[in-house]
Amino acid sequence: MRVISGEHRGRPLAAVPGTSTRPTTDKVKESIFNMIGPYFDGEWALDLYAGTGGLGIEALSRGAAKAIFVDSDNKAFNTVKQNLKTLRLNEQAEVYKIDSARALKVLSTRGVQFDLVFLDPPYAKQKLEQEIELLQQLHIVAADAWIVTEHDAKLTLPEQIGMCEQFRCSTYGDTRVTIYRYIVEGDS
């Protein structure tokens, strides 16, 4: 099943009320999935700053088996739950209202490993390098996992963070997407 223009089965996603979130534009979302692969086969996704849940929902619609959505904002949490219910994706999803650092620690205790990680925090609160390091330290990224960051175009992230190597970096107006691949030693 393919998602086009932020819709799933012809239904648009509900937006988070107010101005506390900055949803990923359809153009940026489509570009992200063109870079990391248009379709998936059973992968697990983590949408760490979920907002509307658009990135995780897109991954589910392209074949990911499960997505975990995390957002500490009450309005975003409720919007993700509403979008999942509307799109009948509840069985493939878990939604948590918790801050990102705590969520990562909780997920590590479950032994969960993700193949796709989406990091799109509010620009003013971004700690992307530290979060990518934490993902590795807590062993919650699978070998060859994709880590997709969305951030201010003025920010340049390093070529390598731990065992994550920058795969691609593209700018769309005031937004930059930097994609990393988690390369485990011995992988080719």
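Mentor: We'll take the chain as a whole, then its cores, then some single residues. This is a predicted model: local features need pLDDT of at least 70, side-chain atom pairs count only at pLDDT 80 or more, and totals for chains, interfaces and linings use all residues. Residues are numbered from 1 along each chain as its sequence is written, and side-chain values use heavy atoms, with hydrogens and water left out.

Trainee: How many helices and strands are in the chain?

Mentor: Five helices and 10 strands. Those are DSSP runs, numbered from the N terminus: helices are H or I, at least four residues, and strands are E, at least two.

Trainee: What share of the chain is buried?

Mentor: 51% of the 188 residues. Buried means under 20% relative accessible area, exposed over 50%, partly exposed in between (1.4 Å probe, protein chains only).

Trainee: Now the largest nonpolar core. How many residues does it have?

Mentor: It has 29 residues. A nonpolar core is a set of buried Ala, Val, Leu, Ile, Met, Phe, Trp, Tyr and Cys residues joined through side-chain atoms within 4.5 Å. Among those with the most contacts inside this core are Phe33 and Phe118. Helix 1 gives the largest share, five residues. Apart from it lies another core, of 26 residues, including Leu107 and Ile132.

Trainee: What does Phe33 touch?

Mentor: Leaving out residues up to four places away in sequence, its partners include Pro38, Phe40, Leu55 and Phe118. Contact means heavy atoms within 4.5 Å.

Trainee: Switching to helix 5. Which of its residues are buried?

Mentor: Leu128, Glu131, Ile132, Leu134, Leu135 and Gln136. Just after helix 5, His139 takes a positive phi of about 60 degrees.

Trainee: Why does Gln136 count as buried?

Mentor: Because its relative accessibility is 9%.

Trainee: And what lies 2.7 Å from a polar atom of its side chain?

Mentor: The backbone nitrogen of Met163. Gln136 also touches Ile161, Gly162, Cys164 and Tyr182, among others beyond four places in sequence.

Trainee: Last one, Val112. Where is it found?

Mentor: In the loop between helix 4 (100-109) and strand 6 (114-119).

Trainee: Is Val112 buried or exposed?

Mentor: Buried, because its relative accessibility is 8%. Not counting residues up to four places away in sequence, Val112 touches Trp44, Leu107, His139 and Ile140.

Trainee: How far is Val112 from Val141 in space?

Mentor: 8.2 Å, C-alpha to C-alpha, and they are 29 residues apart in sequence.

Notes: A polar contact is a pair of N or O atoms within 3.5 Å; within protein, one must be able to donate a hydrogen and the other to accept it, and residues adjacent in sequence count only if both atoms are side-chain atoms.
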